[in-house]
Amino acid sequence: RSLSDIRGPPVPSRLLGHEKLVRHMEQVGDLEFQWVREFGPTWLAKGCYGEDNLWTADPKALQYVFHTSGYRYSKRVVAIEITKLFTGQGILSTSADDHQRHRKIMNPAFGAAQLRTFLPVFRRSAARLSQKWKDQLQSSSTSEGGTLNISRMLARMTLDVIGEVAFDDRLGALDDKENELAKAFDSLFLDSLLHPPSWDLLFKALWPYLPASVLSLIKYLPTKEYKRFRDYLHTAFRTGKGLIEQKASGTEKGSKDIMSILVQSNQSEDVRFRLSETEMLSQIATLLVAGHDTTASSLTWLLYELAKHPEDQQKIRDEIAAARARVEARHDDDFTPADLDAMTFTNAAIKESLRLHPIVPTLAREAEEDDVLPLSVPIETKSGKIITEIPIPKGTPIIASICTYNRLESVWGEDAAEWNPMRFLDNNKERTTVGVFANLMTFSAGIRGCIGWRFAVLEMQAVLTELIETFDFRFPEGVEIVRLNAGLMIPMVRGKMEEGAQVPLHISVLR
Ligand code: HEM
């Protein structure tokens with residue numbers, strides 16, 4: 001079981017391997033797209049200190065690692081420890097046994113029936129955002145509209161949404177520039193994880209060898225990265241403490257928000273399997289992070305694509321108008337989840353944007369035991385063999401290139417790198433089924449797949465319909481958006497990186 005016969009790019013540094021190259025590449029996916037063309041969807045690259053990292057975008061391999069194998073491919077120490085810095089001991093940073101316990105208690109809050117009750121909140125919040133943008137446009141632009149950075153306000157709106165549906169709390173991030181949580185979150189990942197220096201990469205590569213007592217001190221390191229995470233966690237815990245006390249006091253009986261369901265679910269669990277208070281607080285920090293910026297970024301990329309493809313934007317607007325007519329004919333106030341699901345082109349556009357812009361571009365796992373990784377696309381080894389399985393030694397890191405899988409020509413066709421929502425309406429194509437949604441890896445797959453994917457899709461549908469009914473979006477001339485990798489994929493304007501995350505769009509009001 002050696003990976004030495006697997007091909008891969010030449011190693012630029014014995015000490016840093018490909019790690020620095022990958023973490024400093026100009027745009028998400030640039031190197032991986034090139035490597036797939038050269039070596040096929042599975043290749044070998046080096047981590048720090050010469051560690052073998054098996055990269056794959058192969059559908060069968062991904063499904064095997066993330067879905068079929070259960071917990072046999074675990075999260076890596078570095079990923080867990082970094083996640084702990086901003087979510088504490090929540091579901092995202094747990095290992096196998098604990099994870100099962102967390103997931104069981106959280107599942108009831110994410111069922112389809114529960115989700116339906118959130119739709120009015122999504123729609124109300126989207127309408128508030130519309131009004132906010134209208135006010136901003138009125139004060140700053142001509143009758144033809146004006147240019148706004150959409151990413152910032154979308155993030156504040158989704159923060160308000162998660163506050164309301166998860167904790168039944170009005171965070172007020174959209175209206176309050178000084179909102180404490182929103183400020184603690186602003187640029188958190190950019191400040192902490194973008195372009196890490198060599199010392200940090202080498203330091204983190206040592207974490208798997210440090211005892212737990214030393215790892216628990218990492219959060220106190222005085223650099224900006226660790227301080228930002230520490231401040232965020234502190235703010236999230238403070239916000240969460242009051243909420244938990246409120247819910248546990250029983251005054252909230254019958255509440256349908258995520259946290260109330262979680263508290264009830266926890267109380268009805270056998271004492272041995274309950275979540276501790278710290279774990280509950282960590283869940284709040286986790287939901288605040290995982291449940292808002294992810295959806296906001298995905299909506300940002302969707303509006304960016306629609307601004308670049310005005311003909312598709314119009315198609316969506318027409319579809320919304322037809323659905324609106326049906327809603328009015330039955331004397332309803334607003335769309336139901338079924339109305340939103342029936343907008344076929346709109347949903348195809350949502351899927352296409354999630355495909356091209358997965359905001360978690362890579363995920364790492366580690367083989368718990370010796371194993372054989374199956375491939376759907378055979379690869380040629382250095383010695384000239386064509387193989388469809390790779391024997392892998394215990395401990396091998398598997399790096400899933402989600403952004404590459406989502407653009408693999410063998411899955412998506414020759415135009416895989418292009419925007420084409422129609423691909424999701426062409427049902428004749430035979431496809432593998434990877435991931436939890438639409439054959440995409442954007443929400444990951446299997447037992448650790450995104451618990452909130454239905455939530456995110458419904459929120460995207462609800463917000464998109466409001467915004468496309470209300471505004472016309474155009475992409476401004478002379479602007480280029482680049483996709484930076486700060487753990488999450490962040491959009492920035494070329495030449496204006498110092499201004500942080502932004503997507504400026506020209507917006508005019510339609511109604
Ligand atoms: C478009 C939006 C979203 C995307 C692209 C996304 C993506 C992901 C991905 C890739 C993972 C796996 C992470 C890993 O293995 O380390 C994940 C996990 C998770 N997501 Fe999402 N997510 C989104 C929205 C949401 C929302 C709205 C919520 C909650 C309201 C949420 C809650 C979670 C939680 C709790 C986990 C951990 C699940 C577990 O470990 O069992 N996500 N998400």
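The structure is a predicted model, in which local features need pLDDT of at least 70, side-chain atom pairs count only at pLDDT 80 or more, and totals for chains, interfaces and linings use all residues. Residue numbers start from 1 along each chain, as its sequence is written. Mean pLDDT (the predictor's confidence in each residue, from 0 to 100) comes out at 92 for the protein, with 97% of its residues at 70 or more. The scores for the model are ipTM 0.99 and pTM 0.96.

Helices (H or I, at least four residues) and strands (E, at least two) are DSSP runs, numbered from the N terminus. Strands count as paired if DSSP finds at least two bridges between them. Strand S1 (residues 42–46) runs antiparallel to S2, and five bridges join the two. Thr42 has Thr56 of S2 as its bridge partner. Five residues sit between the strands of this hairpin, and Tyr49 takes a positive phi near 55 degrees there. Strand S2 itself, residues 52–56, is mostly covered, with four of its five residues buried (20 or more other C-beta atoms within 10 Å of a residue's own, with C-beta atoms placed from the backbone).

Another set of strands forms an open, antiparallel sheet of three, in the order S4-S12-S9. Strand S4 (146–149) and strand S9 (471–474) are at the edges and have a single partner strand each, so one side of each is left without a neighbour in the sheet. On average, neighbouring strands here are turned by 40 degrees against each other, direction ignored. S9 and strand S12 (residues 504–509) are antiparallel and share four bridges, with Asp472 opposite Ser508 of S12.

Around the ligand there are 22 residues, counted as near if the C-beta atom, placed from the backbone, lies within 6 Å. Gly291, Thr294, Cys450, Gly452 and Ala456 come nearest. Helix H15 (277–290), helix H16 (293–308) and helix H22 (453–470) are the elements giving two or more residues to this shell. By type, the shell holds 12 nonpolar, eight polar and two charged residues (Ala, Val, Leu, Ile, Met, Phe, Trp, Tyr, Cys and Pro count as nonpolar, Asp, Glu, Lys and Arg as charged, and the others, Gly among them, as polar).

Key
A residue is buried if 20 or more other C-beta atoms lie within 10 Å of its own, exposed if 12 or fewer, and partly exposed in between; C-beta atoms are placed from the backbone. Axes are lines fitted to C-alpha atoms, for helices over the stretch in contact, and angles run from 0 to 180 degrees between N-to-C directions.
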